[in-house]
Amino acid sequence: MMNAADLPETIPVFPLPGALLLPRGRLPLHIFEPRYLAMIEDCLKTKHRLIGMIQPRDVPGTGEKRLNAIGCAGRLTGFSETEDGRYMITLSGISRFRVKEEVSGFTPYRRCSVDWGGFQRDMGPVEEDAGFRREEFLALLGRYFAAMNLSTDWSSMKEAETELLINSLSMLCPFSPEDKQALLEAPSLTTRRETLVTLIEFAMRGGSSDEVMQ
């Protein structure tokens, strides 16, 4: 179990549009680009084994991609290698962070100096949502999944802890990178659930919801 004192000042970052990691969540990733293969190999040599997942954003009129201010670091807890040299990994969400600055160096991947302040609850106990109404929420979710032609294990949905349910749906639903960022930056589980419901209702009214391939 990690604590705040274990968090490093500099971490490697993986800018992947639409890929959302949340504290206590699990994100499987398929790694094949040489620079990110190198990142994984370097990460495995560290004590903390942390990688920061972060959304890149376009800079209008330049073609440049900058990093959003807030991301979430995950500890590399699952690793396997395919016969052709690709990596299948799992990141377990530890804490959100705020980017202070990018760090220049000789690595082929990006690294950032980060600030962990303001996200203490990420490493605390599981969050609760006093206003959560599971039956109403699952009914809305059922209509959304039908409209989007998505499938799920409904028995697991009915039994899942509130935080696990809300965070897993935030990570898995096919929202835009901007919407994923809003879910990431939600200050509480209640706010995240309210944001999630708004996004689902918007999508069902005909709003766009772009699927992300990882």
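Let's start with what covers the buried residues of helix α1: the cover includes β1 (10–15), β2 (26–31), β3 (50–54), β6 (70–81) and β7, where contact means heavy atoms within 4.5 Å. Helices here are DSSP runs of H or I with at least four residues, strands are runs of E with at least two, and both are numbered from the N terminus. The buried residues of α1, which spans residues 34–44, include Tyr-36, Leu-37, Ala-38, Met-39, Ile-40 and Cys-43; buried means under 20% relative accessible area, using a 1.4 Å probe and protein chains only.

A quick word on the model: it is predicted, with local features needing pLDDT of at least 70 and side-chain atom pairs counting only at pLDDT 80 or more, while totals for chains, interfaces and linings use all residues. Residues are numbered from 1 along each chain as its sequence is written, and side-chain values use heavy atoms, leaving out hydrogens and water.

Now to strand β7, residues 87–103, where we find Ser-95. Is Ser-95 buried or exposed? Ser-95 is buried, because its relative accessible area is 1%. Leaving aside residues up to four places away in sequence, Ser-95 touches Cys-72, Ala-73, Trp-116, Phe-119, Asp-122 and Met-123.

Last, a helix pair. Helix α5 (residues 177–185) packs with helix α6 (residues 189–204) at an angle of about 160°, their axes 8 Å apart. The two are therefore roughly antiparallel, a word for angles over 145 degrees. From α5, Asp-179, Ala-182, Leu-183 and Leu-184 meet Arg-192, Thr-195, Leu-196 and Leu-199 of α6. That contact comprises five nonpolar, one polar and two charged residues.

Terms used. Axes are lines fitted to C-alpha atoms, for helices over the stretch in contact, and angles run from 0 to 180 degrees between N-to-C directions. Angles under 35 degrees count as roughly parallel, over 145 as roughly antiparallel, 65 to 115 as roughly perpendicular and the rest as oblique. Ala, Val, Leu, Ile, Met, Phe, Trp, Tyr, Cys and Pro count as nonpolar, Asp, Glu, Lys and Arg as charged, and the others, Gly among them, as polar. Buried means under 20% relative accessible area, exposed over 50%, partly exposed in between (1.4 Å probe, protein chains only).
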